[in-house]
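Let's walk through a protein model together, one piece at a time. Keep the picture open beside you as you read.

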Amino acid sequence: MAEYFSVDRTENEIAVLIGDGGQKLEVPVTDFEALPREGMIFICENGRYIRDEHEEKLRKKRIFDLQKKLFKK
């Protein structure tokens with residue numbers, strides 16, 4: 001199973017990523033196929049970080065559904 005990384009933030013041409021396992025990575029933005037922005041989801045293939053927009057949508061929907069359930073009155 002592939003491991004996904006979410007962009008926590010970017011600082012001085014470095015993207016700070018959080019892996020699904022909780023590990024923190026600092027990766028140069030030149031290692032990405034698309035300019036990383038906060039909240040984007042990437043997968044690492046052959047040393048390059050490839051954006052996975054489908055996974056981003058799934059995660060956003062899951063978060064929205066959890067919030068909806070949490071705040072339901």
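**A guided look at the fold**

The protein has a mean pLDDT of 94, and 97% of its residues reach 70 or more; pLDDT is the predictor's confidence in each residue, from 0 to 100. This is a predicted model, in which local features need pLDDT of at least 70 and side-chain atom pairs count only at pLDDT 80 or more, while totals for chains, interfaces and linings use all residues. Residues are numbered from 1 along each chain as its sequence is written, and side-chain values use heavy atoms, with hydrogens and water left out. Confidence is lowest in α1, at a mean of 94, and highest in β2, at 98.

Start with the sheet. Five strands form an open sheet in the order β3-β2-β1-β4-β5, and their pairing is antiparallel. The names come from DSSP runs numbered from the N terminus: helices are H or I with at least four residues, and strands are E with at least two. Two strands pair if DSSP finds at least two bridges between them. At the edges you will find β3 (24–28) and β5 (48–51), each pairing on one side only. On average, neighbouring strands of this sheet are turned by 45° against each other, direction ignored.

Now look at β1 (residues 4–11) and β4 (residues 41–45), which pair in the antiparallel sense over three bridges. S6 has I41 in β4 as its bridge partner.

Next comes the helix. α1 (residues 53–70) lies across β1, β4 and β5, and runs at about 140° to β4. Such angles run from 0 to 180 degrees between N-to-C directions, with axes fitted to C-alpha atoms, for helices over the stretch in contact. Contact means heavy atoms within 4.5 Å.

Which residues make up the largest nonpolar core? They are F5, V7, A15, L17, V27, F32, M40, F42 and Y49, nine residues. The elements giving two or more residues to this core are β1 and β2 (14–19). A nonpolar core is a set of buried Ala, Val, Leu, Ile, Met, Phe, Trp, Tyr and Cys residues joined through side-chain atoms within 4.5 Å. Leaving aside neighbours within four places in sequence, Y49 is in contact with residues including F5, L17, V27, F32 and F42.

Finally, visit the loop between β1 and β2, where N12 lies. N12 has a positive phi of about 50° although it is not a glycine. N12 is exposed, at a relative accessible area of 76%; buried means under 20%, exposed over 50%, and partly exposed in between (1.4 Å probe, protein chains only). E13 is found in the loop between β1 and β2, and E13 has a positive phi of about 65° without being a glycine. E13 counts as exposed, at 60% relative accessibility.
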